[in-house]
Amino acid sequence: MTPTESALILAIGEAEPAVAAHRERLDRAAGWGIPAHITVLYPFLPPHEIDDRATAALTGVAASVPAFFLTLQRVSWFGDRVVWLAPTPATPIVTLTAAVTARFGLLPYGGEHDDVIPHLTIGHDHPRPVLEAAAADVTRHLPVHARVTSMRLIAGRPEPGEPWQTLAEFPLG
């Protein structure tokens with residue numbers, strides 16, 4: 001199937017042991033083959049609009065933000081519907097998102113939310129007790145430390161089927 005959407009993410013492989021089983025059950029993005037991650041920008045350009053100029057611009061944006069270490073040490077919530085891990089520090093992620101949005105004129109989450117809050121989703125849109133149980137289990141595995149060295153461009157369809165594919169990796173500065 002032809003991809004219809006793209007996203008820019010920071011894959012956090014170090015978090016997989018803590019969150020993978022829960023994400024498989026509670027986060028539809030895991031079912032699309034998207035790894036544990038913190039979103040930089042979604043949606044990004046439609047895949048058919050991603051060309052050499054766009055990838056060159058992403059290379060420059062990524063290089064403008066130094067690689068960094070982060071720690072996932074706290075579970076948080078968006079209301080009662082989304083449980084997630086908060087990265088510390090969040091500033092490099094916010095800086096990266098701001099740089100991409102400024103360069104491409106796109107709004108994070110299509111402008112649906114006023115503030116960009118970097119997060120690694122554990123689960124969403126399930127009964128609160130189910131999400132609380134996942135949160136309690138994940139908490140036992142915290143903190144998670146990770147080194148973020150690149151931004152990943154992925155594309156796919158927001159539905160079950162073929163997994164999303166990595167189109168490119170952009171090294172951070």
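W84 is buried, at a relative accessible area of 6%. Buried means under 20% relative accessible area, exposed means over 50%, and partly exposed lies in between (1.4 Å probe, protein chains only). The model is predicted: local features need pLDDT of at least 70, side-chain atom pairs count only at pLDDT 80 or more, and totals for chains, interfaces and linings use all residues. Residues are numbered from 1 along each chain as its sequence is written, and side-chain values use heavy atoms, leaving out hydrogens and water.

**Aromatic pairs**

A search of the whole structure finds 3 aromatic pairs. Rings of Phe, Tyr and Trp (its six-membered ring) pair if their centres lie within 6.5 Å; planes under 30 degrees apart count as stacked, over 60 as edge-to-face, and the rest as tilted. F44 and F104 form an edge-to-face pair. F44 sits in the loop between strand 2 and helix 3, and F104 in helix 4 (residues 91-104), so the pair ties together parts that are 60 residues apart in sequence. Helices (H or I, at least four residues) and strands (E, at least two) are DSSP runs, numbered from the N terminus. F44 is buried at 5% relative accessibility. F104 is buried too, with a relative accessible area of 18%. W84 has a stacked partner in F78. F78 counts as partly exposed, at 29% relative accessibility.

| Pair | Geometry | Centre to centre | Angle between planes |
|---|---|---|---|
| F44 and F104 | edge-to-face | 4.9 Å | 80 degrees |
| F78 and W84 | stacked | 4.7 Å | 25 degrees |

Which order do the strands of the open sheet take? The order is 2-1-7-8, with 4 strands and antiparallel pairing. Strand 2 and strand 8 (165-171) are the edge strands, each pairing on one side only. The twist averages 35 degrees from one strand to the next. Two strands pair if DSSP finds at least two bridges between them.

Strand 1 (residues 5-11) is mostly covered, with 5 of its 7 residues buried. Its antiparallel pairing with strand 7 (residues 150-156) runs over 5 bridges. There, I9 stands opposite R152. Strand 1 also joins strand 2 (residues 37-41) through 4 bridges, again antiparallel. In that pairing A11 stands opposite H37.

T39 lies in strand 2. T39 is buried, with a relative accessible area of 16%. Its side chain makes a polar contact with the side chain of H37 at 3.4 Å. A polar contact is a pair of N or O atoms within 3.5 Å; within protein, one must be able to donate a hydrogen and the other to accept it, and residues adjacent in sequence count only if both atoms are side-chain atoms. Beyond four places in sequence, T39 touches L8, I9, I93, T97, Y109 and H119. Contact means heavy atoms within 4.5 Å.

Helix 3 (residues 52-63) lies across strand 1, strand 7 and strand 8. Helix 3 runs at about 45 degrees to strand 8. Axes are lines fitted to C-alpha atoms, for helices over the stretch in contact, and angles run from 0 to 180 degrees between N-to-C directions.

**The cores**

A nonpolar core is a set of buried Ala, Val, Leu, Ile, Met, Phe, Trp, Tyr and Cys residues joined through side-chain atoms within 4.5 Å. The largest has 44 residues, of which I12, F44, V100 and M151 touch the most other members. Helix 3 gives the most to this core, with 5 residues. Another core lies apart from it and has 7 residues, including A7, I9, A29 and W164. Leaving aside neighbours within four places in sequence, V100 is in contact with L8, V40, L41, F44, L58, V61, G105 and M151.
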